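Hi,

Here is the structure I promised to pass on.

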Amino acid sequence: MSERILVDAKNTFCPGPLMELISNMKMAEVGEELELLSTDEGSAADIPEWINKVGHEIVDSFKEDEVLHIIVKKIK
Amino acid sequence: MSSEITIQEQVDRFMQGAGDALTDDTVARLGFMINELLIIADRVTRNKNFMKLLEMTESKDFAKMLDSLSVAYDSYKKSPTTSGGIGGMLKVMGDPDVQGALKLLGNFSKELNK
Amino acid sequence: MHILVVGGGMGGTILANNLARRLSGELEQGSAKITMLSASDKHMYQPGLLYVAVGKMSTSELYRDQKSLLESSIDFHVDPVEKFDMDNNSVTTKSGKKISYDILCIATGSRGHAEGIPGLAEHSCQFYTEADALNMYKTLQKFEGGKVVVATGVPHKCPMSPLEITFFLIDYFKKRGIWDKVDLHYTYPIGRVHSLEPVANWAAPEFDKLGVTYETLFNMKEVVPGKVLSEEDSSAEFDLLVTVPPHKGMQVIEDNDLGKGGFIPTDKKKLNMEGRENVYVLGDTTNLPISKAGSTAHFEAEALGENIAAIVQQGEPVRDYDGKVFCFIEAGDGKATYAMFNYDNPPNPQAPTSGLHWFKTAYNRMYWASARGII
């Protein structure tokens, strides 16, 4: 498996962390993992909701120094 | 109606008036004109030689030249018409001022052809 | 010092002109040279396409000769790059010329890629090329009412366009007197109606007022006749589908393995390509998590112009790109607003006004002065 893809969406407002994640998920291969970094409070709830709705897998999720890290595996 | 209105009210009224008077097309045309004027102004102000020419307009020599032009125009209007033909032309060519003017024109066209 | 600018869109043009102004002395002496390679001799005002699609602008207003927009000191060629050989600081063009550079600036842009979603290109109207925008206008003219769906792919050029086209469609249907026969349904990829939270908070109640229905977390998976299906297992039926298609970078970027999806990994502040000190990237071509918009390219070009000129003149760059983006938002009904933000400051757009709509209308015609690097 290739290296984890880092999506650094800290301090970005438009298109924002979830849209960045969706773009990068589309470009990733099935089985690859992505690590999303976000400081946007609003999308903190949207991101897991979208991942679950579409059916990808949240591998890990934690907050470190005010930055939310979400690690997602592309399932399909 | 009170005659005392705040600046904000004045701005609001101005905007409303402008809004009623302007159409999208008018604004677009104004935008187009501003665009072209900006481009022309940019070309002119960044052309070193043109700017030199503009600077010259502030000099005393330039004022003198304008003065000379108006004097020359006046005397041209007042002077009788030359007789024409080769004789008349030779007479005009003999004038040192005319020779000076021709030399200036010659130098100018030489510069243009460089 | 040879500076090669690849791409003659907004970013490349502003950058080349900015550099030509800053380096006029060096260009005159011959100690610096600026070359631009582009795929076309015409320059298109891309934001105008949105207006063409609803009959608010004509296609003739979209174009100017690229050469007329460039400083005369820039060596311009219509000869797109096909191969990048960054280890040897050279590119090979379509005509087979090999061109060496000291500094390379890549601004090839992005393009709509409806083909990325099965059925989307065949069953939708879009407005990201002149032909598509015209086709959309013709389709609208024939439309007499029914279900209209607006669906947005990811990533896309101009984050404001999904909302703008929706409000313009409402204006258009009202003007034609068929608004009461239209059911307009707006969909959006994330959990609110726009990526900018304050804009979403303003737009959703506007939609409610106008009777526009909406569904969020809707990412197109497939389009079949009369129906668009989402990744989230939802669907929307339509008589007319208007789409902001997903975008890709240019094929040449993918062909040369410079970045996934045609977007080049770029340093967010220095704007150099990751791992390359003398290659800079700007506009839609970057993989930066910021808006793919003309203003982004504009502000990046200004920062890069200053830095590259400083490198030529004193060997060191002088400033960082701060992430600045300024976007007008056409809100329909003759009103507009704008959003401005950078890496440190979130946007705080105000209620739309007619003054800002005029400003945008005038700016549509003042773009050419902007491309020349004047405003």
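In chain B, the centres of domain 1 and domain 2, taken over C-alpha atoms, are separated by 49 Å. Domain 1 of chain B covers 7-46 and domain 2 covers 83-114, with bounds that come from an automatic or database domain assignment.

Before I go on, this is a predicted model: local features need pLDDT of at least 70, side-chain atom pairs count only at pLDDT 80 or more, and totals for chains, interfaces and linings use all residues. Residues are numbered from 1 along each chain as its sequence is written, while chains are lettered from A and ligands numbered from 1 in the order in which they are written.

Back to chain B: it has six helices and zero strands (DSSP runs numbered from the N terminus, H or I of at least four residues for helices, E of at least two for strands). Its radius of gyration is 27 Å, well over the 13 Å that the globule rule gives for 114 residues, so chain B is more spread out than a compact globule. (That radius is taken over C-alpha atoms, and the rule is 2.2 Å times the number of residues to the power 0.38.) The C-alpha trace of chain B spans about 80 × 40 × 30 Å along its principal axes.

Now for chains A and C. Here 21 residues of chain A are in contact with 24 residues of chain C, contact being C-beta atoms, placed from the backbone, within 7 Å. On the chain A side, strand 1 (5-9), helix 1 (17-27) and helix 2 (43-54) each give two or more residues. Helix 1 of chain A supplies the largest share, seven residues.

Chain C also has an open sheet of four strands in the order 13-12-11-17, with parallel pairing; strands pair if DSSP finds at least two bridges between them. Strand 13 (213-215) and strand 17 (240-244) of chain C are the edge strands, each pairing on one side only. Three bridges join strand 12 (residues 182-187) of chain C to strand 13 of chain C, and Tyr186(C) stands opposite Tyr214(C) in strand 13. Helix 7 (residues 161-175) of chain C packs on the sheet, touching strand 11 (146-152), strand 12 and strand 17, and its direction makes about 160° with that of strand 11. For that angle, axes are lines fitted to C-alpha atoms, for helices over the stretch in contact, and angles run from 0 to 180 degrees between N-to-C directions.

Cheers

Key: Two residues are in contact if their C-beta atoms, placed from the backbone, lie within 7 Å.
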